[in-house]
Amino acid sequence: MNVVQQVIRQLTPESRCLNCMQDKGTAPCCPYCGYDERQHKNHPLYLKPRTLLKNQYLIGKCLGQGGFGITYTAFDGWLQKKVAIKEYLPATLATRDMVTATVIPIKKQETAFQQGLRLFIEEARHLARFDHPHIVRVIHFFEAQQTGYMVMEYLDGENLTDVLLKQDKHRLPIAHALQIILPILDALDTVHHQQLYHRDISLQNIRILKDGTPILIDFGAARHVVGENSQTLDLVLKHGYSPIEQYSGRGKIGAWTDIYACGALLYLLLTGRLPPAATDRLAGDHLLPLSQLVPDANIPAGVLDAITRALALQHTQRFQTVRQFKAALQGQPIPEELPVPVVKQTSIRWPILAMIVLGLVSSAGLFLYARYEREQQLAQWLQQAEFDWQQGRLLSPEGENAYARYQKILQRDPEHPAALSGVKQLLRYYQHQAEQAYNKQQWEQVAQAIQQELIVSPNDEILLHWQNQWQQQRDQQVTEAQKQHDRDVQLSQMLQQARQAVALSQLSEAVQLYQQLLTAYPEHVAATEGLQEIATRYETLVREHALDPAAQLFFLEEGLRWFPHHVGLLALQQQQQQQQETQQQIDLLLKQAEQHRQAHRLTEPVGNNAYELYQRILQLQPRHTEALTGIQRLADHYEQLARQENRIARRRTLIDKGLALVPNHMGLQQLQQQLSAPPPPPQNPPPPAVTAPVETPPPAPAVVDIEKPPAPQLTPQQQWIQELIQQGNQAFALGQYDIATERYQQILRLDPQQPAVSRKLTRIVQYYQQQAELAKEQRRWQEGLNWIHKGLSIQPNHTGLLTLRVELEAGLKPNDPPPKSVIFTPTF
């Protein structure tokens, strides 16, 4: 493996963070700096991240874009450290091939692009010679991708713009401002000695390291000037920073140009505002003194004078070297300026002098004519610009608008007052448009107005700052809107899934989905209502399964697991616990009552008999079927004992005891009637009748009589069953269904094989069901429940009655009075 391959391998391009260039592994979010690579968006003009240049430099994210190029973070595979790389790519002269990533000059701009590329490489070569603590150090420069690259040390700090914005009123104390500007002047002094001028000094081109050291960066506007043969590729203008000579292609550039920009920068640091553009000052916009803007800043008079002189419109009135400017700021004696060269005059003969004068006169005539023609052309352009204003053609169509005509005028005459005033008027117009849109919170219109202002004043520091702020805010809003949209879609899907789970009775899954929704949005109304609906659903299920204790307990426990504080479920839990306790007590009483019944302790002794235990059960549960049936069985038992008893007094006692339990017991009532009926009177035989003698006929022949088979003899139990059937049928025919039910049930206890009796009971149950349904239609809930109770006492598992009972209980209002307890009190 050769050295190049080893370097490429050490780059580990796929695992390098695009921001800090550390090896982050496969994690999308860098553990060192927190940069999330998923938020990166490719730009058609920028190199794609992880592009490899010269098999040495791995490109990271874009740090910024200026008029002449783009700056990236990068990783140097040879030196194994983070660097910054500036790529020459003027957006007005070239673009990028999206497939090959090479830079392609725009048509008809090839010559200008190549000239700029040559100057870019020359600047890199000159800057690489500097080793100054306040100038960014150029490590390497090369050509690739059909353009040029400058590799610089990476400066870990912040932009001076950010430093200023953090200050109160966006301005610095005089001491802090001088700590920044004086080292920059030292750096410029070194650069100027090589006849290299920055020409783009501003807040954005000064980097403040973490220890407070200021560093001068971005020499993209610098040009190596040799005598008067210097030619500029383009104009670099930043209104407020740029002196008047930078507005003209023929302006004289020198150290005084950077001194003006440094004076403007110091003015901005102390006041929080840039001085007016040099062109505006020529048009009458005066420079406000610092003492008037910041009277409480305690700025020494020498510093005020030095800034005022540095901002002089005529370059001859400014400091001629940065050493002079620095000495004035520090209150030191100003060093003498370099003498201006004087051309020596020589004697000239008169004939020659005459020819010269004649030539001068001819030249003056030509000059005056050219000047007249020039003024006519400027007046025509100015008239066309005013017409464009009236027609609303301020910035478009291209080349045929007011701004374009003002620019033509200023190219011929950089100090033309009407053109400068027109440009200023354009800027104020769009500022007014932006303010109106801002007051109406029409953010897109604000951005459009700022873009139009930047066309008029492309390098305005404040506009560029607000454009950057607005762009960041807009990108953040778009990102937040996209995140919110994604969250809304996810929450909508979860809400739909939860509702489907409720529809499918998958209540636990629905609760979990609703809880996830509330975790993301604690005030989500639909999720809160959904949980309330599920809690009510659990409560309803518990009530509906009153006849299925296992299911009722399941729904109750599951409901309380999700809703431990639900009032309805807690009440049902307490009710169920009470019912369980009551049922346990009833089961014990039933067992004891049955033991008493088998031991014939029916109603005696007092306090220890079956009847009193049944009465205690009815106090706990008034319509308890087994208790009522038990009392009925006690009465039946007394009836059997009475029928078997031959002693009249004893029989009467047994009948009275049974009727004390069930007063309308038909069998006991019949026995009581039999005992109360008087005995039938004795019948005397009739007297013999006197008849005449009848002649006896001769005897007839004998007839043989065939005997009928004797009727089968019924047992006493069968006789008793026949008697009960007769009583039940009589009561059924009279509509006395309660009495009929008693007789039929008594018959089935004696002989379960009685299909006719079972059919009669079924008909009685059907009658009770019809009456309950009629009561339901008329919303007489309690009456319907009474009919249901009668039917279930006959057939406890009747499906129709059970379903109807649930519906009637649901319709029963909570404030309806409970049914009266049926308590039989013996009267013996």
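## Salt bridges, buried residues and helix packing

E158 is partly exposed, with a relative accessible area of 27%. In this predicted model, the side chain of E158 forms a salt bridge with K166, where the closest N and O atoms are 2.9 Å apart. K166 itself is exposed, at a relative accessible area of 61%.

The structure holds 26 salt bridges in total. Three of them are set out below.

| Salt bridge | Distance, N to O |
|---|---|
| E158 and K166 | 2.9 Å |
| D156 and K210 | 3.3 Å |
| R405 and D388 | 2.5 Å |

The salt bridge between D156 and K210 joins two loops: D156 lies between strand 8 (147-153) and strand 9 (157-159), while K210 lies between strand 11 (206-209) and strand 12 (214-216), so the pair ties together parts that are 54 residues apart in sequence. D156 is partly exposed, with a relative accessible area of 41%, whereas K210 is exposed at 70%.

In the salt bridge between R405 and D388, the partners come from two helices: R405 belongs to helix 11 (residues 402-412) and D388 to helix 10 (residues 350-391), 17 residues apart. R405 counts as buried at 7% relative accessibility, and D388 counts as buried at 1%. Both residues take part in a network of salt bridges that links D388, R393, E400 and R405.

A buried charged residue may also lack such a partner, as R805 shows. This residue sits in helix 27 (residues 799-811). R805 is buried but has no salt bridge, because a salt bridge requires the nitrogen and oxygen atoms to lie within 4 Å and the nearest side chain of opposite charge, E809, is 4.1 Å away. Beyond its neighbours within four places in sequence, R805 is in contact with L547, L785, I788 and L792.

C30 is another buried residue, with a relative accessible area of 3%, and is located in the loop between helix 1 (3-11) and strand 1 (52-53). Residues up to four places away in sequence aside, C30 touches C17, C20, K24 and Y35.

Helix packing can be followed in helix 21 (residues 648-661) and helix 22 (residues 666-676), whose axes come within 10 Å and cross at roughly 145 degrees. The crossing is left-handed. Among the residues that meet are I648, R651 and I655 in helix 21 and L668, L671 and L675 in helix 22.

Two annotated regions complete the description. An unreviewed UniProt entry annotates residues 572-599 as a coiled-coil region; this span is 96% helix, with its end C-alpha atoms 40 Å apart.

Conventions: Residues numbered from 1 in each chain as written. Predicted model: local features only at pLDDT ≥ 70, side-chain atom pairs only at ≥ 80, totals over all residues. Heavy atoms only, no water. Helix = DSSP H or I, 4+ residues; strand = E, 2+ residues; numbered from the N terminus. Buried < 20%, exposed > 50% of the residue type's maximum accessible area, 1.4 Å probe, protein only. Lys, Arg positive; Asp, Glu negative; His and termini not counted. Contact = heavy atoms within 4.5 Å. Axes fitted to C-alpha atoms, helices over the stretch in contact; angles between N-to-C directions. Left-handed = near helix turned anticlockwise from the far one by under 90°. UniProt positions renumbered as here; feature names shortened; annotations may be inferred.
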